[in-house]
Amino acid sequence: MELDDAYANGAYIENADKYPPRWAASAEDFRNSLHERARLDIPYGEGARQSFDLFLPEGTPKGLFVFVHGGYWLAFDKSSWSHLARGAMAHGWAVAMPSYDLCPEVRIADITRQIAAAVTRIAAEVDGPIALAGHSAGGHLVARMLDRALLPAEVGERIKTVIPISPLADLLPLLRTSMNQKFKMDSAAAVAESPVEMQDRYPAEVTVWVGGEERPAFLDQAIWLVEAWGADHVIAFGKHHFNVIDPLADPESDLVALIVN
């Protein structure tokens, strides 16, 4: 399909195949280091993938950070990203990471509803402000959480910050990729699920974060969301689509500061 190359990430990242096993190993090491402060596989729905991990800081949490993974709604689960909780936890925040069902078994709209159910369930576990961040397809999903039709007001109004990282904000271009054989979207479904089309939103602060070395399509997607929402925009120079999330593990990073301050 004509836009397959435009939305291909790994083909343009050196040693791309080494990232997933490295993520998984770092995540496992981090979970093991937390012992009883890692509460794993808490269900939020009926499906096997509808569960989340909750990582608790020492003492009473100052707030709740929820990270939603990417993978084009086609790949990965919560187990590869646990180490990215390190930054927010160092500041006393609890961190939750949900899994979700994948296409083509479900549609993207179904995944959006699952993440809404997950955020609602997670919010019942931890008091205080909520910050959401997601990467790539996860960036789409956390942006969608500001839709007032998705979250109950008592949850949506607690969201202080949303950080879509390298998000997919307009899904219409994906109709021109071979991935749509698994997404099974038509134009109406793509528009309905596109954050750039959302109007009635919860009033959280939004910062769209993207790597300076990303594919042009992802730089465009970020700008489209910034312009549609009047959001803040950060270009992380020197970062590509796979390492743009690394600063979440650094308590001193600017990305973590947006979450916890």
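1. The lining of the largest pocket divides into 7 nonpolar, 6 polar and no charged residues. Here Ala, Val, Leu, Ile, Met, Phe, Trp, Tyr, Cys and Pro count as nonpolar, Asp, Glu, Lys and Arg as charged, and the others, Gly among them, as polar. Of the 13 lining residues, Gly70, Gly71, Tyr72, Phe76 and Phe242 lie nearest the centre of the pocket. A pocket is an open set of points on a 1 Å grid over the protein atoms alone, where a 1.4 Å probe fits, with protein on both sides within 12 Å along at least five of seven lines; lining residues have an atom within 4 Å of a point.

2. A word on the source: this is a predicted model, in which local features need pLDDT of at least 70 and side-chain atom pairs count only at pLDDT 80 or more, while totals for chains, interfaces and linings use all residues. Residues are numbered from 1 along each chain as its sequence is written, and side-chain values use heavy atoms, leaving out hydrogens and water.

3. Do have a look at the cis peptide bond from Cys103 to Pro104, with omega near 5°. Pro104 is found in the loop between strand S4 (94-98) and helix H3; helices (H or I, at least four residues) and strands (E, at least two) are DSSP runs, numbered from the N terminus.

4. In H3, Ile108, Ile111, Thr112 and Ile115 meet His140, Leu141 and Arg144 of H4, contact meaning heavy atoms within 4.5 Å. These contact residues divide into 4 nonpolar, 2 polar and 1 charged.

5. Asn15 has a positive phi, near 55°, though not a glycine. Asn15 lies in the segment before helix H1 (19-34).
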